[in-house]
Amino acid sequence: MLDRRTLLAAPVALAASGQATAQSGAPWPMGRPIRLVVGFPPGGSGDFLARTLSEPLARELGGATIIVDNRPGAGSNIAAEHVARSDADGYTILLGGNFTHAVNPAMYRRLPFDPINDFTPITRVSDLPLIIAVRADSGINNLADLAARMRAQPGRWNYATPGIGTPSHLVGAKLAKVTGQDITHVPFRGGAPSLQAVLAGDVQILVGTPPVALPQIRASTLKALSLSTRLPSPVIPEVPGSEAAGLPALDITGWWGVWTAARLPNPIRDRLFNAFRAVLAQQAVQARFAQEGLQALPSESPEEFGRFVQAEMPIWAEIVRDAGATAD
């Protein structure tokens, strides 16, 4: 029979037990679903990555339930803030990238989160090259043709992107700067609606991620003019780099990574890191990435990923300044 002192001590004992469980990491995730939060709607590269990773990640975590949670808007700031304000228990993970943690801090006047202090870095996931494309029936075959058209018809050219602050936004701004042409940015709430606007003829130029653009390029409804990088990608040999396309000053590529809220216990952080790294090493996952024009690029450790992010911040701040891209 339990006395009053035993009953009073029970919550303390349970709390200590829960803390020990979090610290040991052994039972985690303890049957609770894990939410993989993406700042874009279905149909874009973020959604593709999240859904490609979710099933093998669930297996690596002992049969956990992984829910892809699409929270589009504000260049992924909405998704990032949601994760930053979540409990530090590993059940809410941000699939973000250079846009959330390096571009937006330089582009937005105010952010609802601190990109360093409000997050626990887990690992980088992949690269993020961009493709500049137009409708296949436009008669434009390369960047030189595009530049000539823009000079002949100034003031009527627009480019579609998945949103303000995305790498696509910066590539379009950089394209305008290096060509000396006025190109209007038309941001959408994700890659799929930006693609549809170009296919419908509402916007002339797509600056899209490979998972969004490649299916239409391979179906001959879009014409790929160039990658956003000076050199070509080994997994997208059919699209030239900007140097071969005649515009070597255009050289921008992004990346994807995963974070949780700050102060995540190290055992859970390490388990997540090991699970993501194991998934990214799987040949089936790498092949799926390559099919969509992406390369798996896991970090060596969470600490190394954290150092990588901090080193990227001044690089992207300079790119933002150089491109003249801003957001409120």
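Me: Which residues is Asn104 in contact with, leaving aside neighbours within four places in sequence?
Reply: Those are Ala74, Gly75, Asn77, Phe99, Leu111 and Gly165. Contact here means heavy atoms within 4.5 Å. This is a predicted model, where local features need pLDDT of at least 70, side-chain atom pairs count only at pLDDT 80 or more, and totals for chains, interfaces and linings use all residues. Residues are numbered from 1 along each chain as its sequence is written, and side-chain values use heavy atoms, with hydrogens and water left out.

Me: Is Asn104 buried or exposed?
Reply: Asn104 is buried, with a relative accessible area of 0%. Buried means under 20% relative accessible area, exposed over 50%, and partly exposed in between (1.4 Å probe, protein chains only).

Me: What does the Asn104 side chain join up with?
Reply: A polar contact of 2.8 Å links it to the side chain of Asn77. Such a contact is a pair of N or O atoms within 3.5 Å, and within protein one must be able to donate a hydrogen and the other to accept it; residues adjacent in sequence count only if both atoms are side-chain atoms.

Me: Where does Asn104 lie?
Reply: In helix 4, residues 98–107. Helices (H or I, at least four residues) and strands (E, at least two) are DSSP runs, numbered from the N terminus.

Me: New topic: which residues are buried in helix 5?
Reply: Leu143, Leu146, Ala147 and Met150 are, within residues 143–152. They sit on the same side of helix 5, because they cover an arc of only 95° around the axis. That arc is taken from the directions from the helix axis to the C-beta atoms.

Me: And what caps the N-terminal end of helix 5?
Reply: Asn142, with a side-chain oxygen 3.1 Å from the backbone nitrogen of Ala144.
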